[in-house]
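Please consider the structure below with attention to its charged side chains. The discussion follows several pairs of them in turn.

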Amino acid sequence: MYDYDLLVVGSANADLVIDVERRPAAGETVLGGDLATHPGGKGANQAVAAARLGARTALLARVGDDAHGRLLLDSQRAAGVDTVGVLVGGAPTGVALITVDPSGDNSIVVSPGANARLTPADIGSASCLFHASRVVSTQLEIPLETVLEVVRNLAPDSRFVLNPSPPQPLSGEILAACDPLIVNEHEAKVILGEACVSEDPVDWARILLAKGPRSVVVTLGAEGALVADGDGVAHVPSVKVDAVDTTGAGDAFTAALAVRLGAGEPLADAAAYAARVGAAAVTRRGAQESYPTAAEVDALCCANPGNALSDSGSVAGRTPGRGSEIWPGADERGGTL
């Protein structure tokens with residue numbers, strides 16, 4: 001019996017957000033709106049998103065002993081996340097500087113701060129959390145050697161979900177543990193490296209799968225997502241929405257996918273549900289503040305009966321190509337659709 005449906009190991013940042021009419025070119029200064037400070041970071045975002053959906057969630061991260069760290073801890077606890085694994089001190093809390101244009105697209109610069117001090121030793125000291133968790137999810141806003149230690153501490157029957165963002169080459173040991181590896185188009189090309197010999201995302205999914213992961217999800221912006229496993233490649237559409245702010249939408253997608261996989265859903269069905277969660281998130285400002293409850297996700301699906309999802313949330317049959325006009329979001333912070 002697991003104590004947690006999901007353990008998230010990853011980053012926790014304060015998001016400093018400014019609305020701009022357009023993003024500045026090199027050497028250019030533009031005026032923006034008022035500065036807003038939100039709790040963020042890919043790890044902290046995923047934990048809040050999962051908890052909002054009703055999952056028993058824990059976070060293993062590091063924050064600074066400062067106001068931003070307290071903001072992040074308060075946000076986690078308010079969402080119902082167990083923060084027993086959150087370490088405090090060692091460096092200032094990580095900060096993300098975010099500009100958002102009128103279309104909802106964003107540009108982000110991250111100062112890792114305390115996130116870079118989450119060490120392999122910290123992972124080893126938290127081994128009890130790994131053995132208590134059905135699914136473990138992480139990203140690359142923490143050191144790669146720490147991610148490797150996460151893989152080495154997984155419980156025998158747990159499932160490992162990785163969004164390699166920001167992307168960098170991965171070892172065979174990490175890739176072999178992924179179930180799934182979740183990448184957007186940019187991340188796929190970086191992970192593939194010289195093996196990226198095609199512009200067809202279906203080929204990306206197949207080649208990535210051949211590199212060792214047990215399953216792969218490739219998110220494709222307005223064209224949905226592809227899921228690949230031993231049964232082949234499937235296209236997953238989503239719900240059409242009017243995007244307000246895409247910040248953190250991919251983190252909501254990843255968290256929802258991890259939770260549904262932990263509950264035993266097939267990969268394609270779990271991805272279809274996760275796409276609805278990501279779609280709901282982009283209709284609101286901010287990252288963690290935008291994440292829906294399970295009831296709100298169900299309401300969004302009912303309000304969009306014309307999408308390509310069935311009443312059960314399952315997707316259409318396996319397909320070799322791209323398709324469908326949908327909105328899962330487009331968060332250049334990584335791991336998004």
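**Salt bridges in the predicted model**

Asp 179 is buried, since its relative accessible area of 13% falls under the 20% limit for that class. The model discussed here is a predicted one. Side chains of opposite charge can pair when their charged atoms come close. For Asp 179 the partner is Arg 159, and the salt bridge between the two side chains has an N to O distance of 3.1 Å. Arg 159 is partly exposed, at a relative accessible area of 22%.

Glu 173 forms a salt bridge with Arg 152, and their closest N and O atoms lie 3.0 Å apart. Here too distant parts of the chain are linked, as Glu 173 is in helix H6 (residues 172-177) and Arg 152 is in helix H5 (residues 144-152), 21 residues apart. Glu 173 has a relative accessible area of 37% and is therefore partly exposed.

A further pair consists of Glu 265 and Arg 260, whose closest N and O atoms are 2.8 Å apart in a salt bridge. Glu 265 is partly exposed, with a relative accessible area of 24%, and Arg 260 is likewise partly exposed, at 25%.

How many salt bridges does a search of the whole structure find? The search finds eleven, among them the pairs Asp 179 with Arg 159, Glu 173 with Arg 152, and Glu 265 with Arg 260.

Conventions:
Residues are numbered from 1 along each chain as its sequence is written. This is a predicted model: local features need pLDDT of at least 70, side-chain atom pairs count only at pLDDT 80 or more; totals for chains, interfaces and linings use all residues. Side-chain values use heavy atoms; hydrogens and water are left out. A salt bridge is a side-chain nitrogen of Lys or Arg within 4 Å of a carboxyl oxygen of Asp or Glu. Helices (H or I, at least four residues) and strands (E, at least two) are DSSP runs, numbered from the N terminus. Buried means under 20% relative accessible area, exposed over 50%, partly exposed in between (1.4 Å probe, protein chains only).
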